[in-house]
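Please keep the model open while reading.

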Amino acid sequence: MKAVILAGGLGTRLRPLTLTTPKPLIPLANKPAIAHIVEYLASHGFKEIVVTTNYQRERLISFLSEKYGKSIRFQFPEEPSPLGTAGSVKNASLNETAFIIQGDNITDIDIKKLISFHKSRKGLATVALMPVENPSLFGIAEIDDSGKIERFVEKPSPENCFSNLASIGLYVIEPEAMELVPENQPFDFAKDLFPILVREEAIYGCTVEGFWTDIGTFEGYMKAHEWILRSNNDSNTEEANIKDSKIEGFVAIGSDSVIEESKIRGYVAIGENVHVRKCKIQDSVVFQDAKMTGAFVRGSILAEKCIVNGGRIEKSVVGASSYLRNANIFEEKISPFSVR
């Protein structure tokens, strides 16, 4: 069985970060997000992975081929124009059962359990379902005792939510289901294909357990960041040069980074070749090649090559190559190359 990673989106919800870096390559605990997905799939025995691409396709292909090309066989079908989730899989011309995962998903659910459930029901598709607090943000399903989906609606209004079982963007799909997807046309799994399969009584939902989040939002990104750092159980700072500084919590610091006279606490990831001096950083992410002096940063993301001299940044996202001097930033999104 092949796995398919849907990685062709523009990442609009993660702007300004994705204005300079495609979403799959956004660092997550100092590793590109898609690397976590590939390694998750490899841990479940997948050796052939199809990656649907569009935005900054060449960068993604280069990274995956160089990093994992010796152990995993990749396919990167060309998609001249966006075809939607189901349309992009149709474009890949798969002729076998496939496990599909959205490129936004960071999870540890048991794929083998999902595939076993799918095989036992003999349907055309199985959707991984998980109870959520706010079903209106997701596609939601109503299932019978066997798991057959009787109703599926994508992002209903809050008053029309009939279930708290949400699709988490992991599916097992038979090639016969893909025959229902038109050629070379935008077509979506949740909005278009699944309602057809519900009418055909050929789609099932499997309730799963474990960690899952959608990193396509900043809230989900930070949730994944914290989960990964906590899963490592300890700080990973061995490759950094740390001088006269206090490190507390779950912290990852990349190679060739220098931390001087600073306090780092909570859930913090600092990328490679970052220089931090006389700063306080808490529950934040700093991408590679940033330079920071005398700043307070909490609950924020600073993209690559930022320069921060003094000031206070809280609950904000700062785009790449921005220069901030004594700026007080609170709950803002700063565009790349900004000067404040």
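## A buried charge

Buried means under 20% relative accessible area, exposed means over 50%, and partly exposed lies in between (1.4 Å probe, protein chains only). For charge, Lys and Arg count as positive and Asp and Glu as negative, while His and the chain ends are not counted. A salt bridge is a side-chain nitrogen of Lys or Arg within 4 Å of a carboxyl oxygen of Asp or Glu. The model is predicted: local features need pLDDT of at least 70, side-chain atom pairs count only at pLDDT 80 or more, and totals for chains, interfaces and linings use all residues. Residues are numbered from 1 along each chain as its sequence is written, and side-chain values use heavy atoms, with hydrogens and water left out.

Which side chain of opposite charge is nearest to Glu79? It is Arg57, 7.4 Å away. Glu79 is buried and has no salt bridge. Glu79 sits in the loop between strand S3 (73-75) and helix H3 (84-91). Helices (H or I, at least four residues) and strands (E, at least two) are DSSP runs, numbered from the N terminus. A polar atom of the Glu79 side chain lies 2.7 Å from the backbone nitrogen of Leu83. Contact means heavy atoms within 4.5 Å. Neighbours within four places in sequence aside, Glu79 is in contact with Thr52, Thr53, Asn54, Gly84, Ser88 and Asn91.

## Salt bridges

The structure holds 12 salt bridges. One of them joins the side chains of Asp214 and Arg13, at 3.2 Å from N to O. This pair links distant parts of the chain, 201 residues apart. Asp214 is in strand S11 (residues 212-214), and Arg13 is in the loop between strand S1 (2-6) and helix H1 (33-43). Arg13 is partly exposed, at 40% relative accessibility. A network of salt bridges links Arg13, Lys23, Asp104 and Asp214.

Glu201 and Lys148 also meet through their side chains, at 3.9 Å from N to O. Glu201 is exposed, with a relative accessible area of 54%. Glu248 and Lys246 form another salt bridge, at 3.3 Å from N to O. Both partners are partly exposed: Glu248 has a relative accessible area of 33%, and Lys246 has 49%.

## Nonpolar cores

In soluble globular proteins, nonpolar side chains tend to be buried together. A nonpolar core is a set of buried Ala, Val, Leu, Ile, Met, Phe, Trp, Tyr and Cys residues joined through side-chain atoms within 4.5 Å. The largest one here has 63 residues. Leu41, Phe99 and Leu170 have the most contacts inside it. Apart from this core lies another, of 31 residues, among them Val50, Ala86, Ala141 and Ala202.

Leu170 touches residues including Tyr40, Phe99, Ile109, Leu114, Ala128 and Trp212, not counting residues up to four places away in sequence. Ala128 is in strand S6. Ala128 is buried, at 0% relative accessibility. Beyond four places in sequence, its contacts include Ala166, Ile168, Leu170, Cys206 and Val208.

H6 buries Phe189, Ala190, Leu193, Phe194, Ile196, Leu197 and Val198. At its start, a side-chain oxygen of Asp188 reaches to within 3.0 Å of the backbone nitrogen of Ala190. After H6 comes Glu201, with a positive phi near 55 degrees.

Helix H7 (residues 218-231) has 14 residues. It reaches 20 Å from first C-alpha to last, close to the 20 Å expected at 1.5 Å a residue. The expected span is 1.5 Å times one less than the number of residues. Among the buried residues of H7 are Phe218, Tyr221, Met222, Trp227 and Leu229.

## A serine in a loop

Ser136 is in the loop between strand S6 (125-131) and S7. Ser136 is buried, at 14% relative accessibility. A polar contact of 2.7 Å joins the side chains of Ser136 and Asn134. Such a contact is a pair of N or O atoms within 3.5 Å; within protein, one must be able to donate a hydrogen and the other to accept it, and residues adjacent in sequence count only if both atoms are side-chain atoms. Ser136 also touches Lys155, Pro156, Ser157, Pro158 and Cys161, not counting residues up to four places away in sequence.
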